[in-house]
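Hi there,

Here is the structure I promised to pass on.

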Amino acid sequence: MSAFNAIGQEREVDQNEFTPEIEPQATWCPGCGDFGVLKALKGAAAELGLDPEEILLVTGIGCSGKLSSYFESYGFHSIHGRSLPLARAAKLANPELTVIAAGGDGDGYGIGGNHFMHSARENHDMTYIVFNNEIFGLTKGQTSPTSPKGHKSKTQPQGSAKDPLRPLSMSLSAGASYVARTAAVNPNQAKEILVEAIQHDGFSHVDFLTQCPTWNKDARQYVPYIDIQQNEEYDFDITDRREAADAMYETESALWDGKVLTGRYFKQEDRRSYHEEKIATGAMPEDPIAEQYFDDDHEWKRSYDLLDAHR
Amino acid sequence: MTANELVWRIAGGSGDGIDSTSQNFTKALMRAGLHVFTHRHYPSRIRGGHTYVEVRARDEPTKSRGDGYNFLLSLGDSFARNPKEEAYYGKEEVKPLTENLDDLREGGIIVYDSGLLDDEDLPDDFDERAEANDWHVYPLDLRAIAKEHGREVMRNTAGVGATAALLDLDLSYFDELMQEGMPEEVYEANYEVLTDAYEQVAAMDHDHDIVVPENDHESDQVLLSGSNAIAYGALDEGCRFIAGYPMTPWTEVFTLMSQHLPDFGGVAEQVEDEIAAATLAIGASHAGVKAMSGSSGGGFALMSEPLGLAEMTETPIVLVEAARAGLSTGMPTKPEQGDLEHVLYTSQGDSNRVVFAPGNVQEAYTQTRKAFQIAYGYHIPAIVLYDQKLSGELRNVDAAFFDEEPTPDLGATLTEEELEEAAHHASGKFQRFRHDPENGVSPRSIPGQRGGRFLASGNEHTPEGHISEDPENRVAQMDRRLRKMEHIREELDSETSHQTLHGPEDATYGVMTYGSQQGTVEEAVDRLRDAGHDVKALGVSDMMPFPEAELTEFLESVDRCLVVEMNTSEQFRGLVQKELGRFGPKMASLLKYNGNPFEPAEIVEGFEATITDGSFERTTARFQPAAGD
């Protein structure tokens, strides 16, 4: 029997189970897109029948980092840009957990860019949600890696001289096996995509467009949007890396011009996730390592057995 | 100087097989019943450069390098005789004979490879010096012997054969080791090289008076380095996760753990950087696995941020800091003890961590185990601080020392049954960070456990983990985290001390050190006592929480105390003065920071110069580069 009984129990779930019983006062501004992520995540978790106690939600720092405070599950509110390495190790320690990492565009694409690239490359079985509002919010409106070229802020008073980053293309080329973009203004699609992303066996990256009514003054920043799966103009095979890359390139360029395209871009199902790969090569045991510590019958090897090489 | 000992130095360039040859030689001497200790000196490069390993063998427990050495096996520069490599590195690159002569004792033996070293390559004053120092010189064409029976690379084996002949060592130990470590045909060729060299040298006239002392271990001995001991301590304590990024000398622990963990049911991860490495350790520990990470100076600097996160979220982890000479990337392969303050105070806010600095191979094992017990028992990061010296040095240890049962207990962690009984908030949320535990430790739950839901946050937080800036909660949480340190100190005080006293308790003078210099200081104190000085030593291993009672007792008991450490800013002395300021006037410092660890004679000399010759005041003696360093 598992030492972690909350994991994998089939049950009917109401999405209110993911609302803390005594709800902390949300510190997000009125009209913030982050509410949309929270709602979509609750809906997706309920639809999947997850137990709040089998989920580990790891967040970074910033407005987005507070997601773990408002979503009822095991949570870890970590440090700026570091949610992914923390989440990766938790998944390796106990692959039966549902592991979700979340952070903002500064957090994930800026300070955590290195971790983002390598987590995608390793194809860990987890979902990574990036709240992309093209701005640093909690530190009051500085230019972020996804801010448009020419964006003026207190730290870039002459306007940013940099092209914004292409997060979808980045994760595809780094090796993510599921890549999608959705938006808080599109709640139905957002929930569907999160359901798919959490179910996906591998690293699923969801670039989640979230409007920032306070620092990106136009609260309707991502409206109107076009769902590429609902639009005949955008017909491509999401299992084909090259077609996905083209679609991503077009999507990202379009966003720079103010046209919002969302949807699923890439899905690769014939690739083992990282922990499965490690198990297959013998670098990791099949059963969760964490369970060993709760198993009174587990046989613990000792270093004394290694001493022959030293005699 | 100890007369009855062999200190064998094998010298050449990196890539010449100096390490593997010296390890086998050391093991052979151990099997022959001797007590052994090695000292490694190598440059930060893959091939070439000046490399040597000293193997000291005695008939009594050996815990330090010696002063100089009495047998040089100079392999010569293998590269300079290969036209391609000569063009690349230059002929002058490695001078294993010239570079090592300063530290060779009077009456010492030199075997050099005359196949690689013509007379014209010898230093101009070589004959003169050899005569003045009564050196016994044996030029031998090791390369030719190696080539004749096998391949050129086997000249190391020829050198060992020559050594055995000069010291009258039984070849069977070397023979055994070669058989164990080599494929059949390689072994056969090597065996021929070994015996041929042995016979050629045995036929020469010998008139030196260096003898290998006799000894017979009554118990089963093993040859281990400090890094071996740390890895084995971690495995025995149930550590099943390691994440790291390669950096000298931390790499030694990291590779050992990576090799063993899969067999032990664990997992090792080489990741993108040290920030990730320490953060992975936090993630694995949070999910219920005993986890470690580590690095050396510059890499540990990157871990400053996750270290603070582990402290604030009370996630147990063990970090290893294998110090090397700084500043910045400093001297990557040279030892120094300049990272103490870095390890004690790095990261924002008030330090809330435990730091051990083991003084020898055995302590590296026991204190790594203790680090895991404290980390998981108290939900606090524990750091094992050691350095390049202890990392790579080999010494023989009684195998029975490691015959210990593993203790994989996760520490203050609840089962689901216990969680049912545990305190919960009115909202149903588990109170992971309760204010009231007397020893400061609120037991934790593990994700996936029913009834244990909580939020771990690097922000200040309420008992159930919600972010909070409430002043009363803040003070209660800070005080609780601080309470742990008092209880850890009590636990450490109540068991076998980690501070190692050497010499009579009532001695007038003291010598104090921390970490890897312990053995050298002890040998120096033995010699000082033989010379009539009334002195004792204390090797300190508990850095944080500070062992106030034990150090007070020691410093009260002596008139004056010499503090020995390998850095320029007196970091250990500074720590003692911060904690126990009133003893400041009793202490003088002896510092060395040229990239080489102390030799015992340097400490003897430093003690006499600063403590007993009447010139004592708040003195700092700095060692200038000495011959052979």
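A term to start with: a polar contact is a pair of N or O atoms within 3.5 Å, where, within protein, one must be able to donate a hydrogen and the other to accept it. Please keep in mind that this is a predicted model.

With that in hand, 35 residue pairs are in polar contact between chain A and chain B, with both residues at pLDDT 80 or more. On chain A, the elements that give two or more residues to the side touching chain B are helices H2 (67-70), H3 (83-93), H5 (113-122), H9 (274-281) and H10 (289-292), along with strand E2 (74-77). The largest share of that side comes from H3(A), with 7 residues. Sorted by class, the side of chain A that touches chain B has 32 nonpolar residues, 17 polar ones and 11 charged ones.

As for the interface overall, 60 residues of chain A are in contact with 78 residues of chain B. The area buried between the two chains is about 5,800 Å², and carbon and sulfur atoms give 58% of it.

There are also 10 salt bridges between chain A and chain B. One of them joins A:Glu72 to B:Lys429, where the closest N and O atoms are 3.6 Å apart.

Key: Residues are numbered from 1 along each chain as its sequence is written. Chains are lettered from A and ligands numbered from 1 in the order in which they are written. This is a predicted model: local features need pLDDT of at least 70, side-chain atom pairs count only at pLDDT 80 or more; totals for chains, interfaces and linings use all residues. Side-chain values use heavy atoms; hydrogens and water are left out. Contact means heavy atoms within 4.5 Å. Buried area is the accessible area (1.4 Å probe) that two parts lose on being put together, summed over both. A salt bridge is a side-chain nitrogen of Lys or Arg within 4 Å of a carboxyl oxygen of Asp or Glu. A polar contact is a pair of N or O atoms within 3.5 Å; within protein, one must be able to donate a hydrogen and the other to accept it, and residues adjacent in sequence count only if both atoms are side-chain atoms. Helices (H or I, at least four residues) and strands (E, at least two) are DSSP runs, numbered from the N terminus. Ala, Val, Leu, Ile, Met, Phe, Trp, Tyr, Cys and Pro count as nonpolar, Asp, Glu, Lys and Arg as charged, and the others, Gly among them, as polar.
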